[in-house]
There are 2 protein chains.
Amino acid sequence: MPDIAPLRDFVQAMTRLADARAPEARWLSEGRDLLAALVARDDWLPEECAQHGPTYRQVLLHCDPLERFSVVCFVWGPGQGTPVHDHTVWGLVGMLRGEEISTEMLPDPSGEGPMRPGRVDRLRPGKVVAVSPSFSDIHTVRNALADRPSISIHAYGANIGAVTRSVFDPATGRRSRFVSGYSNAFVPNLWDRSGEMTAQAAA
Amino acid sequence: MPDIAPLRDFVQAMTRLADARAPEARWLSEGRDLLAALVARDDWLPEECAQHGPTYRQVLLHCDPLERFSVVCFVWGPGQGTPVHDHTVWGLVGMLRGEEISTEMLPDPSGEGPMRPGRVDRLRPGKVVAVSPSFSDIHTVRNALADRPSISIHAYGANIGAVTRSVFDPATGRRSRFVSGYSNAFVPNLWDRSGEMTAQAAA
Ligand SMILES: [Fe+3]
Ligand SMILES: [Fe+3]
Ligand SMILES: [Mg+2]
């Protein structure tokens, strides 16, 4: 097990933002800086959370106990991607390993008819982008690499796996409701400090 | 996976107590009632958290992100027990399955010399007892059953696995420092509500 301390520090700082009742603008500035620091290094993610599967995996790393925010690891196998979807809450996407492409999708002005692609972000390790109903909430994401998995770390302003959201048929704009859930029944134990404390005592 | 909702509800109610900056007396009354409700039923503990090992297992179920409290599942194999130990913070012990015996241990009045047993509690399912530096913080606990495992659910007023505590040699009263850590690298995901939400939508 690698040293999980960077994830624990991130969770504690995000909890303090939640306790301060931070408005979205603070999450998108201070939360973004915290996530950027987390994905600036790739030495803390447990191996068990980095496995890819037959479809992309959404591995919960932490959910705030009052469900004010959540932290999720997305693992994209070669060629894997999402349907067109929304979030309904702010979200931050930080690239940890590999590369992914996020394509904003814009509804037809009539409300019906084909959707158009908007902004395209190619994310390389360390890069953070945001989504939100306040500026751009609908996109599709895929692994940019055909020959290996990619991994991004996401934070959202809710227990994202329990939010009723929408997927869209890009050809017609038709919306269907979904609740994503999570791919994992167990999340990392962030709280066993005994290894580092023993190391300190020995130092 | 059984329905984890009772544990999630317990964690959320305990989090609200922590946010209210509850003094110890409230944890020992309201927290005790919450724990009694949790162990009044034995249908929610994931199988993976109920496995016994070569020595007793201390399985973290939840740690408050600000480390104000933690919830731990103790799994005692047949005949297993703890050394004499303290906690340094309030603790609540709720019996879930099987039976255990908790024996309070009293230091020799001189501060050196053999410890004496005090109060003895035999815990049956549904029973909750408390420990605390304010009234009785040193005890030893063992499985009361020789032929099968027993399981109790504990709550403590800190990240108990990271607290520097003491074990005692009952023959001499001699104290040694320890940090217990936890037996598990992964804790249950309490936050996947997608199954119950789909069930609601279908109802
Ligand atoms: Fe997304
Ligand atoms: Fe104890
Ligand atoms: Mg699921």
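A polar contact, as used in these legends, is a pair of N or O atoms within 3.5 Å; within protein, one must be able to donate a hydrogen and the other to accept it, and residues adjacent in sequence count only if both atoms are side-chain atoms. This is a predicted model, where local features need pLDDT of at least 70 and side-chain atom pairs count only at pLDDT 80 or more, while totals for chains, interfaces and linings use all residues. Residues are numbered from 1 along each chain as its sequence is written, chains are lettered from A and ligands numbered from 1 in the order in which they are written, and side-chain values use heavy atoms, with hydrogens and water left out.

**View 1. A:Asn184 and its neighbours.** Here the side chain of A:Asn184 reaches over to the backbone nitrogen of A:Leu60, at 2.8 Å. You'll find A:Asn184 in the loop between strand S11 (175–178) and S12 of chain A; strands (E, at least two residues) and helices (H or I, at least four) are DSSP runs, numbered from the N terminus. A:Asn184 counts as buried because its relative accessibility is 10%, and buried means under 20% relative accessible area, exposed over 50%, partly exposed in between (1.4 Å probe, protein chains only). Leaving out residues up to four places away in sequence, A:Asn184 touches A:Gln58, A:Val59, A:Leu60 and B:Asn189, where contact means heavy atoms within 4.5 Å.

**View 2. The iron ion (ligand 1).** Three histidines hold this one: A:His85, A:His87 and A:His139 each coordinate the iron ion through NE2, at 2.2 Å. Donors are N, O and S atoms within 2.8 Å of the metal (3.2 Å for Na, K and Ca); water is not among the atoms, so sites may look incomplete. Along the chain, the donors are spaced H-x1-H-x51-H. A:His87, in the loop between strands S3 (84–85) and S4 (91–97), and A:His139, in strand S8 (residues 139–143), are 52 residues apart. Both A:His87 and A:His139 are buried.

**View 3. Where chain A meets chain B.** Each chain puts 34 residues into this contact. About 2,700 Å² is buried between the two, 64% of it on carbon and sulfur atoms; buried area is the accessible area (1.4 Å probe) that two parts lose on being put together, summed over both. A:Pro65, A:Phe186 and A:Trp191 supply 26% of the area chain A buries against chain B, more than any other three residues.

View 4. B:Glu67 and A:Arg193 pair up through their side chains, N to O, at 2.8 Å. A salt bridge is a side-chain nitrogen of Lys or Arg within 4 Å of a carboxyl oxygen of Asp or Glu.
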